[in-house]
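Q: I am new to this structure. Could you walk me through how to read it, feature by feature?

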Amino acid sequence: MAGGPVAEQLLRRLEVVDGGLDSAELATQLGVEHQAVVGAVKSLQALGEVIEAELRSTKRWELTTEGEEIAREGSHEVRVFRSIPLEGLAQSELMHLPSGKVGFSKAMSNKWIRVDKSAADGPRVFRVVDKVEDEVQRRLHLVQGAQAEKLSEKERSELRKRKLLTEVTLKTYWVSKGSAFSTSVSKQETELSPEMIASGSWRDQPFKPYNFLARGVLPDSGHLHPLLKVRSQFRQIFLEMGFTEMPTDNFIESSFWNFDALFQPQQHPARDQHDTFFLQDPKEALQLPTDYVHRVKRTHAQGGYGSQGYKYSWRLDEARKNVLRTHTTAASARALYRLAQKKPFTPVKYFSIDRVFRNETLDATHLAEFHQIEGVVADHGLTLGHLMGVLREFFSKLGITQLRFKPAYNPYTEPSMEVFSYHQGLKKWVEVGNSGLFRPEMLLPMGLPENVSVIAWGLSLERPTMIKYGINNIRELVGHKVNLQMVYDSPLCRLDVEPRPQRTQAAA
Amino acid sequence: MPTVSVKRDLLFRALGRTYTDEEFDELCFEFGLELDEITSEKEIISKEQGNIKAEGASNVVLYKIDVPANRYDLLCLEGLVRGLQVFKERIKAPVYTRVTPRGEIHKLIVTEETAKVRPFAVAAVLRNIKFTKDRYDSFIELQEKLHQNICRKRALVAIGAHDLDSVSGPFTYTAKRPSDIKFKPLNKTKEYTACELMNIYKSDNHLKHYLHIIENKPLYPVICDSNGVVLSMPPIINGNHSKITVNTKNVFIECTGTDFTKAKIVLDIIVTMFSEYCENQFTVEAAEVVFPNGKSHTFPELAYRKEMVRVDLINKKVGIRETPENIAKLLTRMYLKSEVIGDGNQIEVEIPPTRADVIHACDIVEDAAIAYGYNNIQMTLPKTYTIASQFPLNKLTELLRYDLAAAGFTEALTFALCSKEDIADKLGLAISATNAVHISNPKTAEFQVARTTLLPGLLKTIAANRKMPLPLKLFEISDIVIKDSSKDVGARNCRHLCAVHYNKNPGFEIIHGLLDRIMQLLDVPPGEDQGGYVIRAADGPPFFPGRCAEIFARGQSVGKLGVLHPDVITKFELTMPCSALEINVEPFL
């Protein structure tokens with residue numbers, strides 16, 4: 001059994017005291033080093049709830065090495081005084097004594113001695129009084145006897161200034177009985193060993209009962225980040241549904257792919273400095289697909305493909321401006337453009353989950369960067385009903401079965417629908433995603449066939465994660481201010497299983 | 001999304017019935033609006049400025065309704081009511097007509113000086129209008145909503161409304177030197193020059209946001225009447241002389257701007273919304289605008305456009321099977337008067353001037369779907385057959401993440417944006433040596449650059465978690481960004497893997513061991529051979545001299561590992577030794 005004899009004595013004493021006991025006092029009583037008691041406390045703590053130990057720090061005065069010397073041999077001034085015989089002593093000689101310099105000036109200021117400068121062979125020191133009290137030594141004895149409190153604050157500080165005293169902080173434990181207190185823990189040292197198994201001696205050994213109320217020792221392990229655990233699950237869901245992952249490893253995007261290709265007009269508020277991060281270096285995209293750019297320009301400025309267009313003067317320099325992509329739809333546009341170049345057209349299902357950037361004002365639910373989840377299906381003759389059907393399957397894999405669709409506006413989808421789900425905890429419908437059919441003004445300039453529809457939807461990764469893990473402040477989840485303990489403690493991500501009731505209200 | 005605030009009781013009176021909050025919320029949802037908040041003036045003031053200020057404020061219930069950003073026709077009570085009444089088939093959509101006055105038509109003459117500052121202008125007259133306090137407030141509020149949304153904070157279009165009886169045409173829209181413009185602006189008692197006004201408005205919380213639009217132009221736009229009375233100095237302020245009040249009978253409306261299309265839309269919206277209160281309801285008196293080239297146009301356009309849409313297109317896009325007659329009915333409910341024509345499979349849809357958002361058949365399809373009810377559409381699964389595949393780089397990343405966690409390291413997720421200091425000064429590097437991508441408009445230093453290394457994020461994560469028990473072992477596999485002129489945008493991402501060990505001792509052997517493990521996982525054997533990996537002593541920031549090695553794998557340098565320089569540790573506000581490893585994952589694909 002861990003802890004040994006000190007632990008055993010600790011438990012025995014603890015059994016009979018009211019309240020608890022102090023580890024330092026116990027060390028004194030047992031006549032052992034304090035460290036031995038601390039060791040015993042720790043080993044008992046490891047057993048679970050046998051004892052409770054509260055760390056206390058107490059301040060204590062101790063003598064310095066010089067202080068100890070003085071306590072033993074008297075103060076410098078007393079030693080000087082004693083070394084002066086009745087007939088006096090030459091000052092030069094006195095100064096050579098070990099305590100000479102310090103003791104001389106102190107004894108002088110105490111008016112115990114005097115100097116006769118008229119003596120024939122140089123200044124000579126004489127006693128002035130017959131007897132002196134060694135007050136310093138007396139005070140140091142008090143401290144040695146753990147009675148420092150008998151000294152006044154001023155007296156202590158004077159001794160400290162003379163470097164005779166020092167204040168030390170002592171960390172002790174206040175030990176009391178734990179919920180599973182027992183003195184027997186120390187008696188049964190038996191745990192099953194290879195030798196016992198070999199010799200069969202286990203048959204005769206008493207085994208201490210385990211405390212099943214105690215917590216086990218957590219294994220040393222690494223942990224995955226909760227948000228990325230959720231990301232893995234979303235990837236899994238898309239893969240289960242037959243969706244292919246799009247490349248999204250380009251945070252820097254030209255305004256062309258981020259906005260213009262999506263039929264988002266150049267005066268659109270999203271293209272404002274207040275909403276989008278623009279780049280200073282590299283300021284502009286070096287290449288754009290010329291023919292396609294021309295078709296996009298015409299569609300914006302004059303219309304075409306059955307559209308009236310926006311009727312404004314579209315500018316190439318605006319399209320060249322580099323930005324940090326504001327949505328992964330920029331990557332979807334690239335993927336659809338690539339798809340359109342492959343003839344004949346083959347139907348696809350695409351997805352992506354990656355970072356996007358907004359020059360937003362930060363708060364508890366908004367960061368300048370977050371992850372966007374996006375799904376895209378391109379095929380002949382897709383309908384709004386198909387979009388809703390795919391969304392139903394997708395969300396049911398997240399454990400969300402009650403869905404409702406609200407008409408909405410997106411610059412690049414028409415029809416557009418916001419997806420709402422009924423939140424049991426909040427007792428109301430909350431928006432869980434945005435969706436729609438990409439506009440023909442976006443698809444046709446790419447070169448996709450006219451009867452091909454593309455349905456798409458998107459949502460953020462952070463929001464479902466915050467709800468899943470009951471996190472109210474996004475900064476605790478994403479970024480360097482993450483709470484690592486939360487990362488260590490977070491459970492598996494099982495999106496289709498109801499989470500246990502959270503202590504905190506789900507994120508709004 | 002713009003939010004329109006309307007008085008509930010006024011709204012219900014106009015709708016001819018009352019609703020419970022839930023019923024009205026439901027109606028909004030169905031129509032694509034959102035009843036965002038139910039409040040009152042008092043509540044708003046008390047929330048923003050405290051209870052004391054709110055004392056005495058109105059208790060009238062306000063509905064705050066979110067309107068889709070492209071529906072300018074729903075930005076005021078009048079439009080909302082009209083839209084909902086038509087949707088519920090309680091009224092027929094009114095027909096807006098432009099009439100030429102019996103007397104002389106009002107003219108707005110545009111001079112060529114405007115070309116460089118704000119070239120376009122349109123105008124119209126609302127004749128014999130009857131305002132009330134609520135109507136007047138709504139009229140002002142609609143202008144503000146339009147200014148904030150379609151007008152892009154007055155940059156594209158600015159609206160001026162004037163009491164026609166206080167001025168005399170013809171009007172001139174010109175541009176003058178700021179020192180040559182002098183007038184008494186709205187709600188001021190004396191005259192100022194344009195220069196003075198620009199200074200005064202610098203401290204005006206509302207107007208200061210618009211000054212930049214003309215501030216640096218040599219000439220400022222201005223509209224005057226035939227006597228030189230200034231009507232407005234767009235897009236900043238109107239003159240006080242022609243100010244409209246609740247008693248104004250005839251309103252002259254001008255819209256100036258840099259986007260002609262939007263100026264016409266804005267004018268159409270205002271006059272269609274408020275001609276409701278004219279003596280001849282829904283009629284608007286035309287005004288003539290003479291352009292510098294001598295050509296003249298009559299406004300408002302109030303154009304009705306006809307579109308032909310095939311019924312099967314609508315059915316096919318929505319996923320329903322409705323008869324042509326029903327589809328026409330659905331569209332009519334959405335303010336798009338429609339009838340079945342031709343072989344019975346065609347619908348002629350009339351796009352009114354209020355629905356400038358309808359620019360393609362897909363917009364008509366959406367309206368049919370909304371009227372049908374999104375939630376009445378049968379959900380089906382597409383038959384699209386596809387084989388899924390993962391993006392190879394992400395697939396490898398996923399596999400590595402799990403095994404790094406299994407190796408005892410905890411995953412961090414840090415920001416891709418950071419300060420220049422984080423990737424340069426703090427690591428002992430010059431910013432010019434980082435090849436980093438720079439952001440031009442960061443609101444704070446935290447967003448100056450995209451990271452070029454994952455290390456700073458991990459060190460900051462440790463700094464924020466110093467209370468956690470040691471050792472701290474963290475990793476991240478994510479993208480960094482560097483300039484690359486071979487890419488179309490001039491920059492590219494690169495997938496990095498970074499790991500740090502933070503403890504009382506540097507633990508180089510632990511980070512080195514992690515490298516060995518990673519190479520084992522990637523099936524790269526130790527050794528100099530092609531295909532193997534070695535580490536060789538190297539130098540340079542952010543490592544401690546003599547405690548750094550470069551990692552070579554499959555014949556190329558893939559990264560470095562080592563003990564961090566004490567200066568680096570200190571600069572990240574850390575106190576313990578730390579060893580780190582950062583490699584590029586892409587060569588292992």
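Q: Is Leu387(A) buried or exposed?
A: Burial is read from relative accessible area, and buried means under 20%. This is a predicted model. In it, Leu387(A) has a relative accessible area of 0%, so Leu387(A) is buried.

Q: Where does Leu387(A) sit, and which residues is Leu387(A) in contact with?
A: Find the element, then the neighbours. Leu387(A) belongs to helix H16 (residues 384-396) of chain A. Beyond four places in sequence, Leu387(A) is in contact with Met417(A), Ser435(A), Gly436(A), Leu437(A), Ile455(A) and Ala456(A).

Q: Into which domains is chain A divided?
A: Domain 1 takes 7-60 + 167-177, domain 2 takes 65-165, and domain 3 takes 227-489. The C-alpha centres of domain 1 and domain 3 of chain A are 62 Å apart.

Q: How many bridges join E12 to E16 of chain A?
A: There are 9, between E12 (residues 369-380) and E16 (residues 452-460), and these two strands run antiparallel. Opposite Trp457(A) in E16(A) stands Gly375(A).

Q: Is Glu414(A) buried or exposed?
A: Check the area again. Glu414(A) is buried, with a relative accessible area of 4%. Its place is in strand E14 (residues 413-423) of chain A. Setting aside neighbours within four places in sequence, Glu414(A) is in contact with residues of chain A, Leu437(A) and Arg439(A), and of chain B, Cys362(B), Asp363(B) and Glu366(B).

Q: Which residues of helix H7 of chain A are buried?
A: Look down the axis and see where the buried residues point. In H7 (residues 100-109) they are Gly100(A), Gly103(A), Phe104(A) and Ala107(A). They cover an arc of only 105 degrees, so they share one side of H7(A). Their cover includes helices H5 (76-83) and H6 (91-95) and strands E4 (113-116) and E5 (124-127) of chain A. After H7(A) comes Lys111(A), with a positive phi near 60 degrees.

Q: Which residues of helix H1 of chain B are buried?
A: In H1 (residues 8-15), Leu11(B), Phe12(B) and Leu15(B) are buried. They fall within an arc of 95 degrees, so they line one face of H1(B). Among the elements covering them are strand E1 (3-7) and helix H2 (21-31) of chain B. Gly16(B) follows H1(B), and its phi is positive, near 75 degrees.

Q: How many residues does the largest nonpolar core have?
A: Nonpolar side chains tend to be buried together in soluble globular proteins. The largest core here has 173 residues; those with the most contacts inside it include Phe234(A), Phe24(B) and Ile253(B). Helix H8 (residues 260-274) of chain B gives the most to this core, with 9 residues. A second, separate core of 53 residues includes Phe263(A), Tyr337(A), Ala340(A) and Phe447(B).

Q: Where does UniProt place the B5 domain?
A: The unreviewed UniProt entry places "domain: B5" at residues 302-379 of chain B. Over that stretch the chain is 38% helix and 21% strand, with end C-alpha atoms 39 Å apart.

Note on methods
Residues are numbered from 1 along each chain as its sequence is written. Chains are lettered from A and ligands numbered from 1 in the order in which they are written. This is a predicted model: local features need pLDDT of at least 70, side-chain atom pairs count only at pLDDT 80 or more; totals for chains, interfaces and linings use all residues. Side-chain values use heavy atoms; hydrogens and water are left out. UniProt positions are given in the numbering used here, feature names are shortened, and annotations may be inferred rather than shown by experiment. Helices (H or I, at least four residues) and strands (E, at least two) are DSSP runs, numbered from the N terminus. Domain bounds come from an automatic or database domain assignment. Buried means under 20% relative accessible area, exposed over 50%, partly exposed in between (1.4 Å probe, protein chains only). The arc is that of the directions from the helix axis to the C-beta atoms. Contact means heavy atoms within 4.5 Å. A nonpolar core is a set of buried Ala, Val, Leu, Ile, Met, Phe, Trp, Tyr and Cys residues joined through side-chain atoms within 4.5 Å. Two strands pair if DSSP finds at least two bridges between them.
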